[in-house]
Amino acid sequence: MTVKSGVLSQFPQSFWAANTMEIFERMGWYGFYAVSTLYLTGSVEDGGLGFSSTDRGVIQGIATFFLYLFPAVFGALADRYGYKNMFLASAVVMVPAYLLLALPTGFWPFLGVYFLVAVGHGMFKPVVISTVAKSTNEENGSVGFGIFYMMVNVGGFIGPIVAGIVRGWDWNLVFYMSAGWITVMTIVCLLIYREPPRDTEAESHRSLREVFAGMVEVVGNLRFFLLVSGMLVVLVMGSKWWSFSLVGMVAAGWLVLNLVLDVIFRMLKTPATPQRWYAQPMAIGEGRYLLFLVLMAGFWISFNQIFMTLPEYIRDYVDTSDIIASFTPLAGWFTGIAGSLGFDTSNWSRAVLEHGQVKPEHLINLNAFGIICFQVLISFLMRRTSPLTSIIAGVSVTIASFGLYLVGMSGWIVVSAILVFSVGEMMASPRSKEYAGRIAPPEKVGMYMGYFYWCVALGHLFGGLLSGQAYQHFGPSGVDRPGVMWLLFAALAGITAVSLVIYNRWAVVKGPGG
């Protein structure tokens, strides 16, 4: 106990303030995100928006994509204007955005407000991670970040529980609670947070121009950056607004146009005449790293389905009467005690049940609960394995969890699948960033780690678009064969695992334990 207390006492006030703020920020984010699928696709009579699964996937994919792109930009602004100021600025964006989120009923208005929510969380994310990094050192860094990721899951566990309870009375309460959690976070920042020691003069010299230049440099040059960006725009358009044939024609046309321009620019290029960026031939930057990001995006596509696809699947297909039967005696005992104390328990079932079934978010929340309880144990058991081995093992377990949905549609089968999925996540997710550091050339470790979240952003974008399209086609509004959908997600996870093995052997010079 003395040793543990000694380790914990090494962390300064800024560390504990940042971790406390992280809990409330995650409660705010996951308080809505965990039920966003249900709100977007739920019937208007039940308080939802009645969107299609395709629309839901587009909204989730686009908003979360930018959430994970913003940290690089807002991190530079935080270095210049101060961490505390950026924390407070993020709250100024998030609180009204969550309150406004209760108002729009159309696709574009909701996407616009949800985009503001993503901006706010994108402002918060780099500052809290930087605070933890600057409040720890080589000796206590492992413990420090372990505590931090534990706080992430604590917030991710509590937020959806509260949201699931309050939406039984009114969906607007979900948005009010998220805004409330962010308000508490703001109070903690004002009263407790102190900026950690940092080289303010050196960090403040990093301009946004340099940040954007670094982003382009990773991809190659601005011409190639625009080619890739254009392809992403075409993909998004094809998820909702364009037909697949039109997407194919536009993508092919955009690619051919850029290749033809490349040929012309190379013919006109002269060593003595510098060319403007738009007249330069395309150049690929960190090709090996870009391939890694694409492969890891496949990893995150599979892992995101627990929040994007599973809520709809549970609501539309799963019979949770077996779970209800198992807990009826305990629930009766609990409400009996509450009734004897004078509480009116006649409507308490709204907190847990909807249309006679357990609410999906309460089952999905077992994922966060499992991580809180078993992440340390899983990490201990996997400590001697290489990062790649842990990732492959985790993805394999994830494939097995998708397979469980083919066994049946009862509540306990879904609970089993979620817990198995959680084991896979605990094995793979914490080691993915470590793997990025292992494969990086020594002189480029900082760049590889700095842009790691690009693969998370791509995973959310592609995951949202694929989730919406797959459920729209294989779900009750389509061919009504959800099992094929889970096979599709399992196949994607399997392809990702195999591709990572090939990538590791072909494109990477192995280091110790790599």
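Here is a short chat about a predicted model of one protein chain.

User: Hi! How many helices and strands are there in the chain?
Analyst: Hello! This predicted model has 22 helices and two strands.

User: And how compact is the chain?
Analyst: Its radius of gyration is 24 Å, close to the 24 Å that the globule rule gives for 514 residues, so the chain is as compact as a globular protein of that length. Along its principal axes, the C-alpha trace spans about 90 × 60 × 45 Å.

User: What share of the residues is buried?
Analyst: Buried residues account for 50% of the 514.

User: Switching topic: how many salt bridges does the structure hold?
Analyst: There are 10 salt bridges. One of them joins the side chains of Glu25 and Arg26, at 2.7 Å from N to O.

User: Is Glu25 buried or exposed? And Arg26, buried or exposed?
Analyst: Glu25 is buried, with a relative accessible area of 2%, and Arg26 is buried too, at 4%.

User: Which residue forms a salt bridge with Arg167?
Analyst: That's Glu354, with the closest N and O atoms 3.0 Å apart. Arg167 sits in the loop between helix H6 and helix H7, while Glu354 is in strand S1, so the pair ties together parts that are 187 residues apart in sequence. Arg167 counts as buried at 6% relative accessibility, whereas Glu354 counts as partly exposed at 25%.

User: What about Arg266 and Asp262, where are they?
Analyst: Both lie in helix H11, four residues apart, which puts about one helical turn between them.

Notes: Residues are numbered from 1 along each chain as its sequence is written. This is a predicted model: local features need pLDDT of at least 70, side-chain atom pairs count only at pLDDT 80 or more; totals for chains, interfaces and linings use all residues. Side-chain values use heavy atoms; hydrogens and water are left out. The radius of gyration is taken over C-alpha atoms; the globule rule is 2.2 Å times the number of residues to the power 0.38. Buried means under 20% relative accessible area, exposed over 50%, partly exposed in between (1.4 Å probe, protein chains only). A salt bridge is a side-chain nitrogen of Lys or Arg within 4 Å of a carboxyl oxygen of Asp or Glu.
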